[in-house]
Amino acid sequence: MTVDDARDSALRQAKEPVSGAMAGPYGHPFHPILVTVPIGAWVCSLVFDIASKTVDRPGFLTHGSAWLIAIGVLGALAAAAVGFLDLLAIPTGTPAFRTGLVHMTLNLAVTAAYAAGFAWRQGGGYAGGRSVGDGQLALSAAALALLGVSGYLGGKLAYRYGVRVAAESVQAEGYRSTRTTS
């Protein structure tokens with residue numbers, strides 16, 4: 001087997017789902033769909049946290065933010081399970097695999113930070129209708145920034161390395177003209 005054949009085989013392996021039922025069928029991975037839940041929830045929680053600093057009665061915002069953080073953590077765990085299946089499809093020892101490991105590690109750190117932030121808030125962080133604490137706000141902002149770095153790496157996996165993206169020959173179907181020439 002030549003180096004080019006080995007590379008092509010590794011590329012095909014990274015595009016195929018490990019388990020279609022769990023990770024999504026070929027060309028339709030579930031991980032990118034599931035990550036929208038924690039991203040959306042955590043961005044909104046930060047907006048609620050900031051808004052809680054600007055209103056007279058912030059209790060509903062800090063309470064809502066805590067719920068959004070919890071929703072995000074649960075969504076992140078689901079996305080992580082499916083993302084791990086995608087990682088298993090990438091051949092080890094490749095730049096794509098190393099990028100996937102860093103992406104996964106950052107996401108687990110972000111999820112742990114938000115889980116810790118949720119626990120912190122349960123310890124009286126939003127009791128009594130107060131705005132969110134400065135430390136809690138800083139933790140959420142830092143975790144969201146780290147999530148942005150991880151998201152960049154996730155984009156690199158999909159758009160640069162083509163992990164779980166349909167082969168170019170399959171993609172080409174979308175660019176064939178449907179008009180008939182006369």
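By the grid rule applied here, one cavity of 30 Å³ or more was found. A cavity is a set of points on a 1 Å grid over the protein atoms alone where a 1.4 Å probe fits but cannot get out. The structure is a predicted model, in which local features need pLDDT of at least 70 and side-chain atom pairs count only at pLDDT 80 or more, while totals for chains, interfaces and linings use all residues. Residues are numbered from 1 along each chain as its sequence is written, and side-chain values use heavy atoms, with hydrogens and water left out.

The largest cavity holds about 40 Å³ of space, where a volume is the space filled by probe spheres set on grid points joined across faces, edges and corners. Its lining (residues with an atom within 4 Å of a point) consists of Ala113, Tyr114, Gly117, Arg121, Gln136, Leu139, Ser140 and Ala143. Helix H6 (95-125) and helix H7 (134-160) each contribute at least two residues to this lining; helices are DSSP runs of H or I with at least four residues, numbered from the N terminus. Four of the lining residues are nonpolar, three polar and one charged, with Ala, Val, Leu, Ile, Met, Phe, Trp, Tyr, Cys and Pro taken as nonpolar, Asp, Glu, Lys and Arg as charged, and the others, Gly among them, as polar.

The largest pocket contains about 820 Å³ of space, a pocket being an open set of points with protein on both sides within 12 Å along at least five of seven lines. It is lined by 36 residues, of which His31, Pro32, Val35, His103 and Gly154 are the closest to its centre. Helix H3 (31-34), H4, H5, H6 and H7 each give two or more residues to the lining. By class, this lining divides into 23 nonpolar, 11 polar and two charged residues.

Overall, the protein has eight helices and zero strands. Of its 182 residues, 37% count as buried, that is, under 20% relative accessible area with a 1.4 Å probe and protein chains only. Residues 24 or more positions apart make up 76% of the contacts with a separation of 6 or more, contact meaning heavy atoms within 4.5 Å.

Not counting residues up to four places away in sequence, Val110 touches Trp42, Ala143, Leu146 and Leu147.

H7 comprises 27 residues and spans 38 Å from its first C-alpha to its last, close to the 39 Å expected at 1.5 Å a residue; the expected span is 1.5 Å times one less than the number of residues. Among the buried residues of H7 are Gln136, Ser140, Ala143, Leu144, Leu147, Gly154 and Leu157. Just after H7, Gly162 adopts a positive phi of about 70 degrees.

Ala89 is located in the loop between H5 and H6. This residue counts as buried because its relative accessibility is 4%. The C-alpha atoms of Ala89 and Val163 are 8.5 Å apart in space, with the two residues 74 apart in sequence.

How values were computed: Buried < 20%, exposed > 50% of the residue type's maximum accessible area, 1.4 Å probe, protein only.
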